[in-house]
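Good morning, and thank you for coming. Please look at the structure on the screen, and I shall then take you through a few of its local features.

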Amino acid sequence: MMGRTFARRTAALASLALIGAACSSSGGGSTGPTATGGASPSITGQTITVLLPPWANVPKNILQTFTDQTGVKVDLQVTGWDAIRNKVAIAGAGNTPLADVTEFDWSWTGQFGPAGWYVPLQDKLDPAVISDLQNNGAFSIGGDQYAVCYSNDFRISAYNKKMFAAAGISEPPATFDELTTDLQQIKDMGIAENPLAIPLSATEGTATAWYLLTLAFGGQLFDADFAPAFTSADSGGYKALQFMVDAVNEGLVTPGAVSLTDSQSDNRFTSGSAAVTIVGGPDEIVTSNDPSQSKIVGQAAFMLVPGVSGPGPTFGLPEGLGIMSTSTHQEAALAFLKWWEQPETVLALQKSIGLLPCSTSAVKTLVDAGKLVGGDTINQELQLVAPLFPQGAPPWYGDFSTKAASLINAAARGDLSVQDALNQLSDEASQLQSGG
């Protein structure tokens, strides 16, 4: 989610830090991952270790419902996303136990899945449940699904209704041409000096912004063989970076954005300094309406990510739950995944800790009941979610993303032309793909 999703995917995706000792499971053995999710004599009395990041810190009373259903206790370990990623990589490489169930980010699929560190799930879950999950394909590669989606994070834009109304603009922009015109009008009228919030520092959030704009401009980062598809002037990736650079040069984005992380950039929106944040998340309006975090309470609303001739595609940053191959409680772990995906569980988690369900039907339930802030626009944006990597994220994604952020920052600073920056990034991607 916004303010936490981008920042956690920085250096951990490019290198493996040596960190503290791994967690371990407790309890008796299992008979294999064949549980139905209900109470089973083979798993009753077991304890599973679940390793999740802070935003998935499930309240004890909700976890108790799982124990009541199955007789399985949960030892919930909560630690930072980067730390989890490093722990998984170290434990996986050493074939040593870590936890029964762990966080499994979409960007890990290409590396962690084929490595054999996680149990394939495609034959162990109800097909009806799987088909109802948005973004679930991000956890599959080579015909195997290594996690089940639990957090439906994706990119969505937001605008300041009060600023737009002051500029005489009645509707949010649907295209990039409309966006540029509206922002220029807001700037010319003195409503906001730099009305667009977008990160441009050499950080993961900047790369994520470029990825989003590449899709929105009708492009893809790579072809089916991971050959770069962003160096031509008519490509979506080229147009995306040109848009970012032009926004700085025309004063639509503050020059200081070259030093702002994604969360710092978004703070320009919630502080009332910017009229549009183009790379928001599904919790954007909740944050904007929180007086302890925002100066624009009641002024913000979602808008669809702009495109070329109408709203463009967006992409998901989903997070999943995976069962590690070293788990000695795989049946109980599978029961936990099935319990989590029950409608009553995902709705309780959305209410208690704000996790947007991956279940299409659960989101519809929230929207129909008026319990999801900005629900109608969120529901529309979900229909426009496209995979960033249709063939699955490559194992070298972290190195590529780090280089992309650095080169985008250089172009925004004026140290490199758009063409030179993308040529260098293309060379880096080709080298990574060839194993260099």
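I begin with F226, which is found in the loop between α7 and α8 (236–249); helices here are DSSP runs of H or I with at least four residues, strands are runs of E with at least two, and both are numbered from the N terminus. This is a predicted model, in which local features need pLDDT of at least 70, side-chain atom pairs count only at pLDDT 80 or more, and totals for chains, interfaces and linings use all residues. Residues are numbered from 1 along each chain as its sequence is written, and side-chain values use heavy atoms, with hydrogens and water left out.

F226 has a positive phi of about 65 degrees, although it is not a glycine. Most residues other than glycine have a negative phi. Is F226 buried or exposed? Its relative accessibility is 13%, so F226 counts as buried; buried means under 20% relative accessible area, exposed over 50%, and partly exposed in between, with a 1.4 Å probe and protein chains only.

A second residue of this kind is N95, with a positive phi of about 55 degrees, and it is not a glycine. N95 lies in the loop between α2 (81–94) and β3 (101–105). With a relative accessible area of 60%, N95 is exposed.

Let me return to helix α7, residues 204–216. Its 13 residues should span 18 Å at 1.5 Å a residue, and its end C-alpha atoms are 18 Å apart, which agrees; the expected span is 1.5 Å times one less than the number of residues. Of the 13 residues of α7, 13 are buried, so the helix is largely enclosed by the rest of the structure. Just after α7, G218 takes a positive phi of about 90 degrees.

Next, S426 is found in helix α16, residues 418–433. S426 is buried, at a relative accessible area of 13%. Which residues does S426 contact, leaving aside its neighbours within four places in sequence? They are P228, F230 and T231, where contact means heavy atoms within 4.5 Å.

Finally, a pair of helices. Helix α12 (residues 343–353) and helix α13 (residues 360–368) pack at an angle of about 50 degrees, with their axes 10 Å apart. Axes are lines fitted to C-alpha atoms, for helices over the stretch in contact, and angles run from 0 to 180 degrees between N-to-C directions. At this contact, V346, L347 and Q350 in α12 meet A362, T365 and L366 in α13.
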